[in-house]
Amino acid sequence: IDDACSEYYLNIEVADRPGVLAAVAGAFGDHGVSIRTMEQEGLGDDARLVFITHTAVERDVQATLHDLRELDAVKRVVSVLRVIA
């Protein structure tokens, strides 16, 4: 499964403050996971970030998720889904 390739949908809740989006995007970039679309919705002091990636390798997405969970600003990873086209 680590070698499986797919697009991914990720829903993440984060603190809504300057620099958070850059840190989150950096985690994607560090593992070579390209973002196709991104949407942000304010939730009071928090925000919901929804990403759809370009085709990525499962192991790289898992490494990205690990790094995202380590960021102080990330409250939780709500969902991760493979996009089947």
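## Asp-45 and the β2–β3 loop

Asp-45 lies in the loop that joins β2 (35-43) to β3; helices (H or I, at least four residues) and strands (E, at least two) are DSSP runs, numbered from the N terminus. The model is predicted: local features need pLDDT of at least 70 and side-chain atom pairs count only at pLDDT 80 or more, while totals for chains, interfaces and linings use all residues. Residues are numbered from 1 along each chain as its sequence is written, and side-chain values use heavy atoms, with hydrogens and water left out.

With a relative accessible area of 69%, Asp-45 is exposed (over 50%; buried is under 20% and partly exposed in between, with a 1.4 Å probe and protein chains only). Leaving aside residues up to four places away in sequence, Asp-45 touches Ala-15 and Asp-16, where contact means heavy atoms within 4.5 Å. Its C-alpha atom is separated by 22 Å from that of Asp-67, 22 residues apart along the chain.

Asn-11 is found in strand β1 and is buried, with a relative accessible area of 9%. Residues up to four places away aside, Asn-11 touches Arg-48, Leu-49, Val-50, Val-77, Val-78 and Ser-79. Val-14, counted in the same way, touches Val-20, Val-24, Asp-46, Ala-47, Leu-49, Ala-73, Val-74 and Lys-75.

The largest nonpolar core has 20 residues, and those with the most contacts inside it include Leu-10, Ile-12, Val-14 and Phe-28. Such a core is a set of buried Ala, Val, Leu, Ile, Met, Phe, Trp, Tyr and Cys residues joined through side-chain atoms within 4.5 Å. Two or more residues each come from β1 (5-15), α1 (20-30), β3 (46-53), α2 (58-70) and β5 (74-83). β1 gives the largest share, five residues.

## Whole chain

Two helices and five strands make up the secondary structure elements of the chain, in the order β-α-β-β-β-α-β along the sequence. The radius of gyration is 12 Å, which agrees with the value near 12 Å for a compact globule of 85 residues; it is taken over C-alpha atoms, and the globule rule is 2.2 Å times the number of residues to the power 0.38. The C-alpha atoms fill a box of roughly 35 × 25 × 15 Å along the principal axes.

Of the 85 residues, 32% are buried. Among contacts with a separation of 6 or more, 76% are between residues 24 or more positions apart.
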